[in-house]
Amino acid sequence: MERLGSKDEVRQAVGEARRESKRIALVPTMGALHDGHLSLVRAAHERADYVVVSVFVNPTQFAPGEDFAAYPRDLERDLDLLGAEGADLAFTPTSEAMYGGGADVTVDPGALGAVLEGATRPTHFGGVCTVVTKLLSVVGPDLAFFGEKDYQQLTVIRRMVRDLDLPVKVVGCPTVRECDGLAMSSRNAYLSRDEREAATVLYRALRSAETLALDGERDARVLEEAMCGAVEGESLAALDYVAVVDAATLAPLETLGSAPARALIAARVGSTRLIDNLALAVG
Ligand code: AMP
């Protein structure tokens, strides 16, 4: 596996792969890799011939006071994992390499970026959309892979690619979980042993909504109340939001109908903020 830190080098390496008629995939990550990330690399391998993985803790998607400085970083381990997974190129820019040319013009994530996560983290999706646009511009992939774990992010990026006519196909991949249901996340490393146990409450809450829907409950409020109740029962957890939304538009639903629906949750466990989501099938 090749490792490159400059945008020009990456353009050149990908250009060579493209001249060999290879199908190019991009998997953007912030590193501290786990099986969730690696599942995206595997999915990319199935659909492309040349897989680029970016490892970059993007400062512009963290607000002041968030965990940018503390965010887990272990580049050597990440590179070992990516090499073992057969990635072709790791793009590991510094902030200077990424933004040194100027960072005045940014991408506005629109209305989808202002709700849910965007309500708590108003600058977050602007940072995400801008860095993803830059990565797409540098790598020029045919396919870009994102996890359903960050469901709103996936939805915002699909919308950005559509609205800005970006020439890439976005592929969403299922959430990879620990045995007890906790969604894998680099931030799980922050949790103490007790908090790690309590953190399963996000999945338990989502499952309670899923079960109600499968049993025929159509009222979204009832599902949301069940999720709130689950979190209230966990003393180490504090709820940020629960929502039952249209899976394509993220619009809040009053009633589950024929359109795909999604349950979303964000909660603090100790001082760690975690998010998760689940598709709701109607029974
Ligand atoms: P991050 O490094 O947290 O920015 O995540 C990089 C990519 O991996 C994003 O597209 C995430 O949605 C995805 N991802 C993170 N955790 C998981 C998981 N548990 N399952 C599937 N994809 C994930």
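Visitor: How many residues of domain 1 are in contact with domain 2?
Guide: In this predicted model, 20 residues of domain 1 are in contact with 16 residues of domain 2. The domain assignment of the protein chain places domain 1 at 2–173 and domain 2 at 186–278.

Visitor: And what area do they bury between them?
Guide: Domain 1 and domain 2 bury about 1,600 Å² between them, with 52% of that area on carbon and sulfur atoms. On the domain 1 side, Leu116, Glu117 and Tyr151 supply 38% of the area buried against domain 2, which is more than any other three residues supply.

Visitor: How far apart are the domain centres?
Guide: Taken over C-alpha atoms, the centres of domain 1 and domain 2 are separated by 26 Å.

Visitor: How many salt bridges are there between the two domains?
Guide: The count between domain 1 and domain 2 is 3 salt bridges, while the structure as a whole holds 17. Glu148 forms a salt bridge with Arg262, and the closest N and O atoms of that pair are 3.3 Å apart.

Visitor: What about Glu66, which residue does it form a salt bridge with?
Guide: Glu66 forms a salt bridge with Arg121, with 2.7 Å between the closest N and O atoms. This pair links distant parts of the chain, since Glu66 sits in the loop between E3 and helix H3 (75–85), whereas Arg121 sits in the loop between helix H5 (117–120) and H6, 55 residues apart.

Visitor: How do E5 and E6 pair, and what unit do they make with H7?
Guide: Strand E5 (residues 143–147) and strand E6 (residues 169–173) run parallel and are joined by 5 bridges, with Leu143 standing opposite Lys169 in E6. Together with helix H7 (residues 151–163), E5 and E6 make a right-handed β-α-β unit.

Visitor: And E3 with E4, how many bridges there?
Guide: Strand E3 (residues 50–55) and strand E4 (residues 89–91) pair in the parallel sense over 3 bridges, and Ser54 stands opposite Phe91 in E4.

Visitor: OK, now the sheet with 3 strands: is its pairing parallel or antiparallel?
Guide: The pairing there is antiparallel, in an open sheet with the order E7-E8-E9. Strand E7 (237–246) and strand E9 (272–280) are the edge strands, each pairing on one side only, and the twist averages 15° from one strand to the next.

Visitor: Over how many bridges do E7 and E8 pair?
Guide: E7 and strand E8 (residues 261–269) pair in the antiparallel sense over 9 bridges, and within that pairing Ala238 stands opposite Arg268 in E8.

Visitor: Which helix lies across those strands?
Guide: Helix H10 (residues 220–232) lies across E7, E8 and E9, running at about 160° to E7.

Conventions: Residues are numbered from 1 along each chain as its sequence is written. This is a predicted model: local features need pLDDT of at least 70, side-chain atom pairs count only at pLDDT 80 or more; totals for chains, interfaces and linings use all residues. Side-chain values use heavy atoms; hydrogens and water are left out. Two strands pair if DSSP finds at least two bridges between them. Helices (H or I, at least four residues) and strands (E, at least two) are DSSP runs, numbered from the N terminus. A crossover is right-handed if, with the strands pointing away from the viewer, the path from the first strand over the helix to the second runs clockwise. Domain bounds come from an automatic or database domain assignment. Contact means heavy atoms within 4.5 Å. Buried area is the accessible area (1.4 Å probe) that two parts lose on being put together, summed over both. A salt bridge is a side-chain nitrogen of Lys or Arg within 4 Å of a carboxyl oxygen of Asp or Glu. Axes are lines fitted to C-alpha atoms, for helices over the stretch in contact, and angles run from 0 to 180 degrees between N-to-C directions.
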